[in-house]
Amino acid sequence: MPTVSMTVNGKSVSRDIEDRTLLVEFLRDHLGLTGTHVGCDTSQCGACVVHIDGKSVKSCTMLAVQAEGVTVTTIEGLATDGKLHPMQEAFREHHGLQCGFCTPGMVMSAVDLVKRHPNPSEETIRHGLEGNICRCTGYHNIVRAVQAAATNMRG
Amino acid sequence: MYNFTYHRASSVSDAAKLLGQDAESKILAGGQTLLPTLKQRLAQPSHVVDIGGIGELQGIKVSADKVVIGAGTRHAAVAMSAEVARAIPALAKLAGGIGDPQVRNMGTIGGSLANNDPAADYPAAVLGLGATVHTNKRAIAADDFFKGMFETALDDQEIITSVEFPVPQKAGYMKFPNPASRYAMVGVMVAQTKAGVRVAVTGAGPSVFRWQDAEKALASKFAAAALDGLAAKADGLNSDMHGSAEYRAHLIGVMARRAVAEAG
């Protein structure tokens with residue numbers, strides 16, 4: 001079995017895994033980071049989105065061995081010193097979730113979106129979250145949360 | 001997913017050597033099609049050779065008359081390239097409409113072309129702009145590259161290294177995306193090039209194809225109105241749960257007119 005090493009949420013990790021292990025399986029089953037969810041498992045729903053070297057990707061559509069040497073950030077790595085990330089805070093404040101299943105991926109995609117578009121229009125947000133599916137909210141409060149977070153993140 | 005042995009190639013020649021060791025090897029570029037295919041157990045490669053980290057396959061070079069994109073370049077990099085947007089805006093726009101942001105951060109132009117999905121966007125760009133596909137063995141003209149559904153002129157273990165797009169006088173791309181998958185129900189690239197007008201259609205048939213009646217009509221006048229009254233034939237087009245062949249034939253005309261308008 002190959003050994004894979006990477007940095008996850010600021011910590012160096014190394015494990016022996018099967019070649020076919022998906023990154024999401026590595027995070028959840030090997031590292032116990034179950035905040036990253038498996039929804040559709042077919043690259044469509046975005047519940048499994050994490051950041052690889054700062055860019056959002058679907059961790060169900062990447063092998064763990066492909067992530068050798070990279071820096072991974074999961075939803076568990078967003079908060080600092082017990083303080084929620086502004087995107088998490090905005091989702092809470094604006095009720096951008098109901099059941100919460102899609103939320104980790106939605107937040108990770110939204111953080112990447114705001115990094116690329118610091119002042120996003122509603123259209124940019126809706127288009128930019130095409131890879132994330134929410135079956136509860138109808139998206140309205142998610143869009144509001146992302147807009148509010150973008151404002152707060154600009155400072 | 002069946003298990004396999006994973007290899008990370010350090011160069012194109014290293015990848016070719018690794019692939020040559022076993023006939024059941026598969027190339028992994030961005031993995032956005034291969035991994036879902038493996039997860040569904042639709043393929044069982046013995047070895048998977050990852051070319052995603054090969055530096056010589058990365059990058060975009062823009063000169064006065066051409067845009068050369070390394071095969072390992074991610075869709076997001078093409079979509080966000082200011083240089084591509086200046087030289088061939090339709091190409092940057094097309095790349096920015098593939099899948100979703102997360103797919104664009106992983107998927108590569110070489111992977112998309114080698115896969116030749118009937119509803120993928122890049123085949124329309126390559127055929128519509130009359131690009132040349134460079135591999136580790138040869139250069140293949142767009143008109144000779146696409147052979148049929150998921151079939152290309154590539155040998156089993158041939159590796160695409162770059163794609164060379166001549167800069168057109170003008171070009172436009174419009175697609176009608178399937179609302180769930182974002183794949184093209186129909187996508188049309190129109191281009192006015194030194195070699196004449198080209199119109200390439202993806203999503204509608206088993207593989208990307210040129211709509212020659214439209215090319216002739218646009219050659220006399222490059223304007224959306226030149227396509228008025230012209231209808232694509234439904235014979236041989238895809239019919240499935242998303243739309244009939246007749247519906248797709250109609251969409252070809254609509255998307256082609258919008259693409260011409262977009263080209264300006």
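Predicted model: local features only at pLDDT ≥ 70, side-chain atom pairs only at ≥ 80, totals over all residues.

I started with the chain pair: 27 residues of chain B are in contact with 28 residues of chain A, contact being heavy atoms within 4.5 Å. Bookkeeping: residues run from 1 along each chain as its sequence is written, chains are lettered from A and ligands numbered from 1 in the order written, and side-chain values use heavy atoms, with hydrogens and water left out.

Next I looked up the area. Chain B and chain A bury about 2,200 Å² between them, and carbon and sulfur atoms give 53% of that. Buried area here is the accessible area (1.4 Å probe) that two parts lose on being put together, summed over both.

Then charges. The rule finds three salt bridges across the interface of chain B and chain A; it wants a side-chain nitrogen of Lys or Arg within 4 Å of a carboxyl oxygen of Asp or Glu.

Polar contacts across the interface of chain B and chain A come to 13 residue pairs, both residues at pLDDT 80 or more. The term means a pair of N or O atoms within 3.5 Å; within protein, one must be able to donate a hydrogen and the other to accept it, and residues adjacent in sequence count only if both atoms are side-chain atoms.

Which element of chain B gives the most to the side that touches chain A? I found helix 6 of chain B, with four residues.

On to chain A itself. The domain assignment, automatic or from a database, gives domain 1 (3–77) and domain 2 (86–154). Their centres, over C-alpha atoms, are 21 Å apart. I get 17 residues of domain 1 of chain A in contact with 15 of domain 2 of chain A. The two domains of chain A bury about 1,200 Å², 58% of it from carbon and sulfur atoms. On the domain 1 side, His37(A), His51(A) and Ile75(A) lose the most area to domain 2 of chain A, together 39% of what that side buries.

How many salt bridges cross the interface of domain 1 and domain 2 of chain A? Zero by the rule. I did find eight residue pairs in polar contact there, both at pLDDT 80 or more.

Terms used
Helix = DSSP H or I, 4+ residues; strand = E, 2+ residues; numbered from the N terminus.
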